[in-house]
Amino acid sequence: MDKQEIIDILSDNSKNDRLFKEADNVRMANVGDEVHLRGLIEFSNICKRQCKYCGLRSPNKDVERYRLSKEEMLQTAKNAVNLGYRTIVLQSGEDDYFDTDKMCEIIQSIKKLDVALTLSIGEKFYDEYKAFKEAGADRYLLRIETTDKNLYTAMHPNADFENRMNCLYNLKKLGYETGTGCLVGLPNQTIESLADDILFFKELDADMVGIGPFIPHEHTPFKDVAKGDFWLALKVMALTRITLPDINIPATTAMETLNPQGRIIALQSGANVVMPNVTGLEYRAKYEIYPGKICLNENAEQCRGCIEGKIKSIGRTISKDYGFRNFK
Ligand code: SAM
Ligand code: SF4
Ligand code: FES
């Protein structure tokens with residue numbers, strides 16, 4: 001699909017059902033009916049950045065900040081493995097306390113549990129990404145957020161668009177399964193730029209793409225901005241599936257925050273991955289990137305049971321494999 005075709009589809013809501021069905025067919029033909037579960041550990045909500053949309057941004061003094069110890073992280077990962085997870089995702093703000101040596105130690109100890117390991121800890125230097133890879137990390141998630149450079153610059157004080165791009169190409173070069181994605185509904189974001197985002201995922205040959213609607217947080221500069229549109233985010237996701245037929249695409253938590261059936265609808269419109277939270281209950285409410293996050297009162301075991309029920313209810317199965325893009 002070229003840019004104009006993508007723009008036309010995004011601008012016209014009269015054929016949405018056909019688009020979602022087509023994305024579901026492409027998903028089935030290329031990655032099958034299995035859903036891959038990734039156990040998400042939100043291990044630090046401390047962040048040095050100031051992304052204008054995010055509740056964890058450093059100027060927000062209204063957050064009780066926390067860090068998990070290495071032992072807590074390992075225990076949380078073990079618990080997830082006992083619940084059947086084959087991938088652990090370590091996510092945090094950009095927290096310099098976790099330097100290269102500390103991260104490598106953590107990666108090595110979690111990899112001993114025979115899991116695939118994904119990192120989502122922000123922009124780092126090439127040598128740091130290299131060290132994490134050598135320590136055993138398999139995948140990395142770093143959303144470009146938007147490919148519109150002016151919009152990116154307006155959203156991210158003191159950040160550099162080129163650097164974020166370079167990080168993604170460095171991750172690919174180092175052999176990570178590389179995940180990216182965008183927010184849908186940022187102020188001043190255009191349909192044209194969303195089309196560019198999809199074309200960028202293709203250009204990068206992203207292995208995973210997460211699309212999330214923007215949700216306003218009251219302690220950010222965007223507290224009065226309207227929330228993103230669930231259906232538009234779903235359309236960007238469906239078009240991503242059609243553009244990159246064999247990649248891994250999560251049904252994101254933000255989608256379920258805006259729509260109680262959000263993840264199930266996403267799984268039937270191109271998605272094949274879910275990332276349930278396995279973080280201890282005492283930390284969940286504190287990792288408030290946006291309000292209304294789901295699963296604040298359900299523990300890892302309850303979430304696992306809940307998501308399994310939902311997946312089975314639509315006739316899909318849970319994968320027992322690591323869930324890499326290119327092989328099982
Ligand atoms: N700090 C790392 C980073 O930014 O890449 C990883 C954690 S960050 C909380 C993960 C994702 O949360 C970001 O890529 C962003 O797209 C999403 N996010 C942040 N604020 C959001 C909001 N208000 N609504 C929806 N998604 C949001
Ligand atoms: Fe920090 Fe990530 Fe939130 Fe930006 S999106 S403020 S880098 S946690
Ligand atoms: Fe957490 Fe449903 S996945 S309660």
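I began with the shell around ligand 1, which by class holds 10 nonpolar, 4 polar and 3 charged residues; here Ala, Val, Leu, Ile, Met, Phe, Trp, Tyr, Cys and Pro count as nonpolar, Asp, Glu, Lys and Arg as charged, and the others, Gly among them, as polar. I note that this is a predicted model, in which local features need pLDDT of at least 70 and side-chain atom pairs count only at pLDDT 80 or more, while totals for chains, interfaces and linings use all residues. Residues are numbered from 1 along each chain as its sequence is written, chains are lettered from A and ligands numbered from 1 in the order in which they are written, and side-chain values use heavy atoms, with hydrogens and water left out.

Next I looked up which of the 17 residues around ligand 1 come nearest, and found Tyr53, Ser92, Arg143, Glu145 and Ile215 (a residue is near a molecule if one of its heavy atoms lies within 4 Å of it). For polar contacts (pairs of N or O atoms within 3.5 Å), I found a backbone N or O atom of Tyr53 at 2.8 Å from a nitrogen atom of ligand 1, and a polar backbone atom of Ser92 at 3.0 Å from a nitrogen atom of the ligand. Arg164 places a polar side-chain atom 3.3 Å from an oxygen atom of ligand 1. Of the 560 Å² of accessible area that ligand 1 has on its own, the protein covers 92% (areas by the Shrake-Rupley method with a 1.4 Å probe).

I then followed Ser92, which lies in strand S3, residues 87-92 (strands are DSSP runs of E, at least two residues, and helices are runs of H or I, at least four, numbered from the N terminus). Ser92 counts as buried because its relative accessibility is 11%, where buried means under 20%, exposed over 50% and partly exposed in between, with a 1.4 Å probe and protein chains only. Leaving out residues up to four places away in sequence, Ser92 touches Phe43, Ser44, Ser120, Ile121 and Tyr287 (contact means heavy atoms within 4.5 Å). The C-alpha atoms of Ser92 and Ser120 are 6.7 Å apart, although 28 residues separate the two along the chain.

Turning to ligand 2, I listed Cys47, Arg49, Cys51, Cys54, Arg57 and Gly93 around it, a shell of 3 nonpolar, 1 polar and 2 charged residues.

Last, I looked at the whole protein, which has 13 helices and 9 strands, and in which buried residues make up 57% of the 328.

Technical notes:
Polar contact = N/O pair within 3.5 Å; in protein donor to acceptor, adjacent residues only side chain to side chain.
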